[in-house]
Amino acid sequence: MDSVRTLCLFVAVWLLIANGLGLAEAKSTPPDSQILFRNDTDATMRIDAIVEKGDKPISPQIVQPHAQTRMSVPAGSRTFELIAFRANPVRIHRIKTEVSEGTTSQFNISAHMMGLYLLEDAGALASIAALPTGVPNKIKAPAVDIAERCRRWADISDRAIIWNHGAAPTPMQYYQSGALLCAVDGSHAFHEGAIYEHYVCRNAWQDCVRHSDGDAFAVPVVRTSSFIDIALRLAREKDAHADFARTQSLEWVRGERPASWLTRYHTFGNLNLGRECPPGYRLHYQGKCINIADALADDPDRGVRMVEPEIDR
C-alpha cells in the first residue's frame, strides 16, 4: 500500500512539474505581431506577404475600398506586395516595413502611393485581358510632327527608361511627350497606342521613318515601389531627382528578343522651368495641375479637376 501511495505521489508531483514547465513555455512564446492595413483608395486590394526562406507561408488578405484588415506576421523586416487587381491597369506596389515583436503596426494604402491620383476598380477584368498579338495591316503615322514635339518637350519632367532583365542593365533614356517616347539621343521614338509604333530617326529626331521591327506593347500591369529598386536607381543615374517610378513589362511584337521593362518616372529637377498652373490649381507630382478646392474638399463623391500645365516658351 505504501508503494502505491508513493507511486501516486510521484505521479502527482511529476504532473505538477510538467504543467509548470508547459505554462512557462507558453509564457515564453512571444505573441503574434500584426500589421493593420487601411485601404484609403476606391480600389479593392490584395495583400501578398513575401516570405523569407524558412518562414511559414502567410495567406494573402483582401481589403475592400475604404476598409481595413489585419495580418499576423513574424517580427522583423517584412516585404509586401499591395495589388490593386481590379484596377485598370492592374497596379502592384511593393513596400518594406519593420514589424516589432508582439505589437500591431499600421500601414495606410493611398492612391498617391500607388501612382494614380484617383485609383478605383475597373468596370470589368475583361477590359484589360486582351493584348495585341501582331502588327496591324494598316499603320497610320502619328498625327504630330515627331521632331517638333520631341524638341519642344526636351526639358519636361516626365521621363522613361527601357531596360533589359540582365544583371547589368543597359537602359535607354526617353522624354515623355504626350503619346510620344522620344529617345534622348534623338535616334528614334515610339508613338504610344495599343501598339508602341517604332520610328527610326536621324540625329535630333529628323526625318523619322516608320520601322515596325521595333514595335512593342506594354503588358497592362504597373509596378510601383516605395523603396529604392533597380528601376529607380537606373532613373537616378540620369536624373538625380527622379521619383515615383512606375514599371511595366514591355513585349516586342516580333518576339525576336526577350521582354524588357518600361519604367516611367518624374523628375523634380525641372519642375519649375516654365511650367505654370492656372489660378486655383497647383502642380501635382505627376505633372498635371489639380484644382486646389477639389483636392481640399472633404467629399468622397467629389471629383478632382485636372488640366495640363502651361508651358512658357
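Reader: How many bridges join strand E20 to E21, and do they run parallel or antiparallel?

Author: In general, strands of a sheet pair through backbone hydrogen bonds, either parallel or antiparallel. In this predicted model, two bridges join strand E20 (residues 289-291) to E21, and these strands run antiparallel. Ile-290 has Met-306 in E21 as its bridge partner. Strands here are DSSP runs of E with at least two residues, and helices are runs of H or I with at least four, numbered from the N terminus; two strands pair if DSSP finds at least two bridges between them.

Reader: Which strands are the edge strands of this sheet?

Author: The sheet is an open one of three strands in the order E19-E20-E21, with antiparallel pairing. Its edge strands are E19 (281-283) and E21 (306-307), each of which pairs on one side only.

Reader: How many disulfides does a search of the whole structure find?

Author: A disulfide is a covalent bond between the sulfur atoms of two cysteines. The search counts a pair of cysteine sulfur atoms within 2.5 Å, and over the whole structure it finds two disulfides. One is formed by Cys-150 and Cys-182, whose sulfur atoms are 2.0 Å apart. This pair links distant parts of the chain, since Cys-150 lies in helix H3 (residues 146-152) and Cys-182 in strand E10 (residues 180-183), 32 residues apart. Cys-201 and Cys-208 also form a disulfide, with their sulfur atoms 2.1 Å apart.

Reader: Why is the disulfide of Cys-150 and Cys-182 left-handed?

Author: The torsion about its S-S bond is about -80°, so the disulfide of Cys-150 and Cys-182 is left-handed. The link of Cys-201 and Cys-208, with 105° about the S-S bond, is right-handed.

Reader: Is Cys-208 buried or partly exposed?

Author: Buried means under 20% relative accessible area, exposed over 50%, and partly exposed in between (1.4 Å probe, protein chains only). Cys-208 has 24% relative accessibility, so it counts as partly exposed, whereas Cys-201, at 12%, counts as buried. Cys-150 is buried at 1%, and Cys-182 is buried at 0%.

Reader: Where in the chain is confidence lowest, and where is it highest?

Author: The predictor's confidence in each residue is its pLDDT, from 0 to 100. Confidence is lowest in helix H1 (residues 2-28), at a mean of 55, and highest in strand E3 (residues 61-63), at 96. The chain averages a pLDDT of 79, and 74% of the residues score at least 70.

Reader: What should I know about the numbering and the values?

Author: Residues are numbered from 1 along each chain as its sequence is written, and side-chain values use heavy atoms, with hydrogens and water left out. Because the model is predicted, local features need pLDDT of at least 70 and side-chain atom pairs count only at pLDDT 80 or more, while totals for chains, interfaces and linings use all residues.
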